[in-house]
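Here is a short report on one protein chain.

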Amino acid sequence: DASSSMYWRLESFSEGPATDDTALDDVFVQSFELGSSFSEMTVTNVESGMKGSEEVTVTVSFVAGRTLAVGDKLALLGPEDFSFLDSTTSTCGTIQGDAFTAASSSLSCPCTTSMSSMVTEDATTLANCVMSWAISSAQSASTTISFTVSTTNPATRLRLAKNFWALQHWRGSTLLASKAVESWSIEPQLHSLTLAISGSLQAAGATTRLTVSFMPVYSAGALQLEVLSPSGFDFCGASATSPAAVVEREDCSSSPSKILLTTTITSGVQVSVKISDVVLSPTGGTTIVSVQTFDSSSAGYTREELEDLMVVFPGNLATTSQTLECLHAEDSTLYPVTYSFPARVDEQSWLETYFTLTQPAAAGDDLILVSDSEENLFDIDSSTFELKKVISSSSTQTISVVVSKTSSSNRLSVALGAALEAGQTYYLKCGVTPSGTGSASWTIQIDSGGVYPSNTNDAEDYGFVVVPQTDISVTVSRAPPTATVQVSLVLNTKATGFQQLIVPAGVLLPLGEGACAVGTNFVCTDVGTFRGRRVANLSGIDGADLPTGKSLLIKVTMPEVAEDNPVWALLSADTVDETPTQWGYMDSFPLHPLASLGFHYVATASATDVKVSAVFSVDVNAGGSRIVVQAPVGYTLSCTSANSVHQIALPGNTPGCVDSSSVTGALSSSRQLRVDLNGTVLGSDDYAFAFLAAIPASATTGTSADETWSMVIYDASGNVVHSAFRAPAQRIISTSVSISSFTWSAANADQVALITFGLYFNSTTDSLAAISFLLPEYVVHDNREASDVEILTGTFPSTGVSLDEASVVTILVNANATIATGLYRFRFRVLLSSLLPEQNLWYVSLCDGTPCTTSTGDQVLMSLAVEGFDLGDASNVDPGTVSAAAKQMPGAHLLSFATLLIGYSSLFSLPHNWRAEAQE
C-alpha cells in the first residue's frame with residue numbers, strides 16, 4: 001500500500017525534473033517500527049567549546065518517562081569521533097552528578113564488546129563513543145537525572161547524520177526507549193600551527209620573513225593571516241615564496257596587518273608558507289594572530305581557522321652613539337694627542353653605546369654581547385663590563401651584573417641584577433680587543449628564556465674603524481731644555497701612505513721645506529699644529545714610503561719644561577687630512593736639565609743687595625762657557641759693583657759678568673745676568689757662584705715662568721748645552737731672621753755633644769708654628785725627654801718640643817704668639833757618628849705649619865744653613881761666653897756670618913734644596 005506511512009518509497013530517474021510520471025523505477029520498502037522515547041533530554045556544552053580537538057565539558061539531563069528498574073542499563077552514544085576514554089588511563093572519563101551516582105553503578109565504555117548488542121551501528125565504527133552503566137536503585141518515570149562528562153571535540157566538522165547525542169534505555173536485550181539530540185557544530189582547527197620569524201632580522205620594526213606552518217584538516221586553496229595585536233604589522237609590501245602568491249587588496253593600507261594568499265592546501269599534508277618583506281610591529285612582545293584557510297581566494301567560506309595564536313616576538317634594542325674608541329680615549333689628560341685616534345689591532349679598545357628597549361627585561365634575564373666576523377673577532381673583557389641607567393645628562397645609576405659561564409672570548413653573557421624598563425635609556429661600556437682590521441657585527445640582546453630574545457639589535461655592523469699598529473722608537477743622546485738636538489726616529493714596522501709626525505708640546509721644528517730632516521734619506525717639513533703640537537710631513541725620497549729599520553734624524557728644539565706624559569706619534573693615511581689608516585706612538589725621552597739647580601737667599605721684602613748663591617751640577621762636558629741666569633719678575637740682578645760677584649766654585653780665572661746696567665741691549669731685562677767663564681769650560685762637576693739681587697715687596701703672580709728662576713748655559717757657538725727652568729723662588733717674608741752663633745761642646749766620634757744655636761729676630765714675628773733644627777746625615781739627636789732640649793736666653797713662646805724624627809729637633813711655637821725682636825739660644829744633645837757626610841750641613845727651618853721636618857716645602861717660610869764641623873774640630877765660640885754681647889746690630893751680625901759662609905771652599909757642594917743662607 002503505497003499510501004501507507006509504514007513504507008519508504010524509492011524512485012530513480014535519468015534526468016530531471018523528477019516526478020512520479022518520469023520515474024524509471026519505483027519501489028516501496030516496509031518501514032521499521034518506532035520505539036518509545038525519553039520524555040525529556042538536553043545536552044549542554046558547558047564552556048561552549050566549539051573548536052576542533054578542544055577539551056569540553058558536557059552536561060546531559062533527562063527524564064526517562066518510564067520506571068528505571070534495578071538492573072536496567074543506560075547507554076550514552078556520542079557524535080562520531082567523540083571519545084569517552086581517558087587518553088592516559090584508557091578508562092571511562094569522569095562522570096559527575098549526585099542523582100546519577102545514587103541511581104547508577106558499573107560505569108563502563110565497552111564499545112567493542114557487550115554493548116555492540118545495544119546499538120544499531122557496527123561496534124567498530126562506534127568504538128570509544130558509547131558509555132554505559134547499570135541502574136542500582138529504581139527510579140520513577142518522572143525523576144530528572146543529570147550528569148556531567150568530560151570529552152574532546154573531534155578535529156573535523158561532522159556530517160549532520162553523525163552529529164547527534166543519543167541515550168538508550170535497555171532491559172536485558174530489549175531497547176525500551178531512546179532519544180537523540182543534535183550536537184554543536186565543530187569549528188575545525190589547524191594542527192601544529194606555528195608562526196616563526198625565519199628572516200635574519202628579528203627586532204621589532206624590522207622588515208623580515210615570516211614562515212607559517214600547519215597540518216590542515218581540510219584541503220583548501222587560500223590562506224589568510226591577520227595580526228590582531230599589537231598594531232604596526234604591515235603586509236602591504238609582502239611577497240610569498242612559490243607556489244603561494246599574495247592576493248592583491250585595494251584596501252591594504254586601511255588594514256595592513258592582514259594578508260591573503262593563494263596556495264595548495266591538502267588535507268593531512270604539512271603546509272609551510274614563507275612570506276617575505278613583512279614589517280614587524282615596532283614594539284614586539286606578545287603577538288596574537290588569526291590564521292584561516294578558505295576553499296578559494298575569495299574568503300567567502302571559512303573552512304578552518306585558529307584565532308588567538310599567541311607568539312612572543314622580540315622587542316627592539318635600539319642603540320645610539322655607538323663608538324669604538326682606542327685605549328687612550330679613557331684619559332685625554334694622560335693621552336692628549338692619541339685619545340681620539342682609531343682603535344688598533346691587538347690593543348684593548350672601548351666599546352660604548354647607549355640603548356633603549358621596547359620590551360621590559362626582568363632581573364635575572366641575560367644581556368648578551370657578541371662579536372661576529374670571519375675576519376675580525378673581538379676578544380671581550382668581561383671584567384671591564386659596565387651597565388648604567390641614565391638618570392639625567394649628569395647622573396647615572398650602575399646596574400649590577402653577574403658574568404655567565406656561557407661567556408667565551410667573543411661572547412659575553414651577564415645576568416641582570418635589576419629589571420630594565422622599556423623606553424628608558426641605558427649606557428653600556430666594555431673593553432674589547434680586535435684581532436684584525438675587518439668589519440664585525442655586534443649583537444646586543446636580552447634573553448629571557450623564550451624562543452626569541454626579548455629585545456635585540458639584529459647584529460648591527462656599526463662600521464667601527466680598526467687600524468694596524470705602527471711600532472716606532474724615538475731616541476736622543478741628550479735633550480737639555482731649549483737646546484736644538486737631533487732626534488732619531490726608527491720605524492720598526494712598515495708604514496705606507498702619507499705620514500705625519502706629531503711632536504710633544506713645546507718641541508719646535510725648523511720652518512721651511514725639508515728643514516727638519518738631517519740627512520738625505522727622507523724629507524721632513526713642518527706643516528702646522530695639532531692640539532698645540534707641531535706636525536711634520538714625512539716621506540721617503542721622491543714620494544716613496546719611509547724606510548723601515550733605518551734611523552731618520554730630525555732636528556728639533558726642546559721646550560723649557562716637558563708637558564705631562566709627552567709622546568711622539570706617527571700617523572699613516574692615504575691622503576692628507578684623512579682618518580689614520582695606521583698609527584703608533586712612543587713615550588718621549590726625558591729632558592736633561594741641570595742637576596741640583598738651586599738659588600739660595602733670604603727673601604726679605606724690598607731688601608737690596610741680597611746675596612744669592614746659585615748651585616748646580618753638570619753631568620757631561622758639553623763645552624759650556626756662558627751662563628745666563630733669569631730671576632722671577634720683580635727681581636733685579638746685578639754683578640758689576642765691587643765684590644758683588646763671587647766665583648765660589650767656578651773653574652778658570654775670575655769670570656766676566658754682565659747685568660742689564662752694564663751693556664745696553666746685552667740682556668733683555670733687569671731679571672737677567674750673564675756670567676762668562678775665563679779660559680775654560682764646564683766639565684762634569686758641581687758648581688756654585690754668587691751675585692746680588694734686589695727683592696720685590698711681594699711675591700710675583702703670573703705664569704710659572706714669571707714666578708721662578710732659570711739658568712741656561714751656552715757653548716762658544718751660542719748653542720744651548722745645559723739648562724734648567726722653573727727653579728722655585730724663596731718665599732718673600734717681612735721678617736728677617738739670622739743665625740747669630742753655632743757652637744758645639746765636643747766633636748768626638750760616637751760621643752754625645754751639646755749643640756747650641758743662636759737665632760736673632762730683627763723684628764717682631766708672628767704666624768710662626770715651629771722652628772726645626774735638621775741634623776746632617778749620620779747624626780742623630782740624643783734627647784730622651786723634652787727637658788733635654790733647652791731655651792737658654794730670652795722668653796721664647798714655646799709649647800714644647802717634638803722629637804719624633806731621629807735627625808730633627810723641633811721647637812713648637814704657641815698658636816697666634818708673637819716672637820719679640822731679639823736673640824734666642826737653643827741647646828740640645830746629639831750623638832756624633834764616626835763618619836760625617838761630604839755635604840756636612842746643618843739647617844734651621846722656620847715653618848708656618850707642622851710637621852716641619854725638611855728644609856723645603858709649602859710650610860717652610862725660611863730655611864737657613866750653616867756648614868758643620870769635622871771630627872776633632874774645636875768650636876770657634878765658647879758656648880758659655882755667648883751672651884747679650886752677641887746682640888749686635890742686624891747688619892753687622894748678618895755681614896759677619898755671610899762672610900764666614902762665602903769663605904768656605906766647599907760651598908759649591910750645597911744641595912739643590914738648600915733654600916737660604918744668612919745674608920748681608
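The report goes from whole-chain totals to single residues.

**Overall picture**

This is a predicted model. The protein holds three helices and 62 strands. Of its 920 residues, 46% count as buried. The accessible surface comes to about 41,100 Å². Carbon and sulfur atoms account for 49% of that surface. Among contacts between residues at least 6 apart in sequence, 72% join residues at least 24 apart.

**Aromatic pairs**

A search of the whole structure finds 33 aromatic pairs. One of them is F599 with W709, and this pair is stacked. The ring centres are 4.5 Å apart, with 15° between the planes. The pair links distant parts of the chain. F599 belongs to strand β43 (residues 595-600), whereas W709 belongs to strand β51 (residues 708-714). The two residues are 110 residues apart. F599 has a relative accessible area of 2%, which is under the 20% cut-off, so F599 counts as buried. W709 is buried too, with a relative accessible area of 0%.

F742 and F757 also form a stacked pair. Here the distance is 4.7 Å centre to centre, and the angle between the planes is 25°. F742 lies in strand β53 (residues 737-744) and F757 in strand β54 (residues 752-761), so this pair ties together parts that are 15 residues apart in sequence. Both F742 and F757 are buried.

F742 and F757 also take part in a cluster linked by ring pairs.

**Charges over rings**

Which tryptophan has R344 over its face? The ring is that of W583, and R344 lies 4.1 Å from the ring centre. A lysine is placed over a ring elsewhere: the charged end of K429 sits over W350, 4.7 Å from the ring centre.

**Salt bridges**

Side chains of opposite charge can pair when their charged atoms come close. This structure holds 19 salt bridges.

| Salt bridge | Closest N and O atoms |
|---|---|
| D72 and R171 | 2.8 Å |
| R249 and D251 | 3.0 Å |
| R533 and E563 | 2.5 Å |

Take the bridge between D72 and R171. D72 lies in the loop between β5 (55-63) and β6 (73-77), and R171 lies in strand β11 (residues 164-171), so the pair ties together parts that are 99 residues apart in sequence. Are the two partners buried or exposed? D72 is buried, with a relative accessible area of 2%. R171 counts as partly exposed, at 39% relative accessibility.

In the bridge between R249 and D251, D251 is partly exposed, with a relative accessible area of 40%.

Next comes the bridge between R533 and E563. R533 lies in strand β39 (residues 533-539) and E563 in the loop between β40 (551-557) and β41 (567-573), so this pair ties together parts that are 30 residues apart in sequence. R533 counts as buried at 8% relative accessibility. E563 is buried as well, with a relative accessible area of 17%. Elsewhere, salt bridges that share partners join R9, E11 and D26 into one network.

**A nonpolar surface patch**

Which residues form a nonpolar patch on the surface? They are W8, L10, V27 and V29. Together they have about 410 Å² of accessible area. β1 (7-12) and β2 (25-30) are the elements that give two or more residues to the patch. W8 lies in strand β1. Its relative accessible area of 53% is over the 50% cut-off, so W8 counts as exposed.

**A loop glycine**

Where is G268 found? G268 is in the loop between β18 (258-265) and β19 (271-279). With a relative accessible area of 49%, G268 is partly exposed. Leaving aside neighbours within four places in sequence, G268 is in contact with M215 and P216. The C-alpha atoms of G268 and F214 are separated by 9.6 Å. Along the chain, G268 and F214 are 54 residues apart.

Key:
Residues numbered from 1 in each chain as written. Predicted model: local features only at pLDDT ≥ 70, side-chain atom pairs only at ≥ 80, totals over all residues. Heavy atoms only, no water. Helix = DSSP H or I, 4+ residues; strand = E, 2+ residues; numbered from the N terminus. Buried < 20%, exposed > 50% of the residue type's maximum accessible area, 1.4 Å probe, protein only. Contact = heavy atoms within 4.5 Å. Areas by Shrake-Rupley, 256 points an atom, 1.4 Å probe, with all protein chains shown as cover. Phe/Tyr/Trp six-rings, centres within 6.5 Å; stacked < 30°, edge-to-face > 60°. Lys NZ or Arg CZ within 6 Å of the ring centre and 35° of its normal. Patch = residues over 30% accessible without salt bridge, like charges linked within 9 Å, V, L, I, M, F, W, Y side chains within 5 Å. Salt bridge = Lys/Arg side-chain N within 4 Å of Asp/Glu carboxyl O.
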